[in-house]
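Student: I would like to learn how to read a protein model. Can you take me through one, feature by feature?

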Amino acid sequence: MYNVYLLLFVGSSNILNIFVTNTATLRTEQYSSSVVVDITPPGDGQVFCPEYISEKKLECSWAGFVDIESGIERYTFAIGTQLGGNDVFFKDDVPAYGDALIVEEFGIEPLKPEQTFFVTMQAFNKVGLSTTAFSDEILVDKSPPIPGHVIEVSDVARIGSNEHQDSLAGSPENICADEENGADCQAQDAICQTSLTTVVVAWQPFTELESYITR
Ligand SMILES: [Ca+2]
Ligand SMILES: [Ca+2]
């Protein structure tokens, strides 16, 4: 048994040379493979997930998590109902070369409206040190937007003596803009259009309670 004291350089490749000499002065040499000393966890990373989901399908990607000394060994990926939780889904062997993951049919409970999830990713380097990142809150929205009222607007209504004022008041954007005044909107529903090629429509705003209208 030998006690060997070594001076190793952090972040650099170190090769250990062992020389053993016996009493007959015969010497054996042994070289280790390259050893890199890493005393720091991976750099900070970010995990990006959708803000809303409507089914049990969650696709997240990530970036960062660089470790210049020893490199990334693997990631863990967890879905929880609380920040940092893994009560819904946990995978501890996401390969280091990956940068996105799709998880389907996670958890045992059906999705509930307005339920929230959080994703936690932990990046491990090759000496077992780790860095953690959390997604923003992921909300469940299982209902489509509530439709507003759509009407056809008579294009005659847009032409008046005060052209600027009338055209502004009668523009499709303004006729049904007032959510409270559905009757006014309905009253302007045109029976006839003068053009065969153009239909002018207006609508009361569609309503989305859980998430928001994207387009
Ligand atoms: Ca490191
Ligand atoms: Ca909704």
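**Reading the strands and the core**

Tutor: Glycine 45 stands opposite glycine 64 in E7. That is a strand pairing, and two strands pair if DSSP finds at least two bridges between them. Helices (H or I, at least four residues) and strands (E, at least two) are DSSP runs, numbered from the N terminus.

Student: What kind of model is this, and how are residues and chains labelled?

Tutor: This is a predicted model, where local features need pLDDT of at least 70, side-chain atom pairs count only at pLDDT 80 or more, and totals for chains, interfaces and linings use all residues. Residues are numbered from 1 along each chain as its sequence is written, while chains are lettered from A and ligands numbered from 1 in the order in which they are written.

Student: What is the average pLDDT of the protein chain?

Tutor: First the term: pLDDT is the predictor's confidence in each residue, from 0 to 100. The protein chain averages 82, and 79% of the residues score at least 70. Over residues 165–169 the pLDDT is below 50, and this stretch has 5 contacts in the model beyond near neighbours in sequence. Two residues are in contact if their C-beta atoms, placed from the backbone, lie within 7 Å.

Student: How many helices and strands are there in the protein chain?

Tutor: The protein chain has 3 helices and 15 strands. Of its contacts with a separation of 6 or more, 65% are between residues 24 or more positions apart.

Student: Which strands does E7 pair with?

Tutor: Strand E5 (residues 45–48) and strand E7 (residues 57–64) run antiparallel, joined by 4 bridges. Glutamine 46 is opposite alanine 63 in E7. E7 also pairs with strand E10 (residues 100–104), again in the antiparallel sense, over 5 bridges. There, serine 61 faces alanine 100 in E10.

Student: What is the strand order in the open sheet?

Tutor: The order is E5-E7-E10, an open sheet of 3 strands with antiparallel pairing. E5 and E10 stand at the edges with a single partner strand each, so one side of each is left without a neighbour in the sheet. From one strand to the next, the twist averages 20°. Such angles run from 0 to 180 degrees between N-to-C directions, with axes as lines fitted to C-alpha atoms, for helices over the stretch in contact. As a general idea, side chains in a regular strand alternate between the two faces of the sheet.

Student: Which residues of the largest nonpolar core touch the most other members?

Tutor: The general idea is that in soluble globular proteins, nonpolar side chains tend to be buried together. A residue is buried if 20 or more other C-beta atoms lie within 10 Å of its own, exposed if 12 or fewer, and partly exposed in between; C-beta atoms are placed from the backbone. A nonpolar core is a set of buried Ala, Val, Leu, Ile, Met, Phe, Trp, Tyr and Cys residues joined through C-beta atoms within 7 Å. The largest one here has 17 residues, and Val47, Phe77, Ile79, Val119, Met121 and Ala123 touch the most other members. E7, strand E8 (72–80) and strand E11 (116–125) each supply at least two residues of this core. E11 gives the most, with 6 residues. Leaving aside neighbours within four places in sequence, phenylalanine 77 contacts Lys91, Val94, Leu101, Val119 and Met121. Across the protein chain, buried residues make up 14% of the 215 residues.

Student: Is phenylalanine 65 buried or exposed?

Tutor: Phenylalanine 65 is buried because 25 other C-beta atoms lie within 10 Å. Phenylalanine 65 sits in the loop between E7 and E8. Its C-alpha atom is 4.5 Å from that of glycine 45, 20 residues apart along the chain. Not counting residues up to four places away in sequence, phenylalanine 65 touches Pro42, Gly43, Gly45, Ile72, Ala123 and Thr131.

Student: Where is glutamate 105, and what is its phi?

Tutor: Glutamate 105 is in the loop between E10 and E11. Its phi is positive, about 55°, although it is not a glycine. Glutamate 105 is exposed, with 9 other C-beta atoms within 10 Å. Glutamate 114 lies in the loop between E10 and E11, and its phi is near 65°. With 11 C-beta neighbours inside 10 Å, glutamate 114 counts as exposed.
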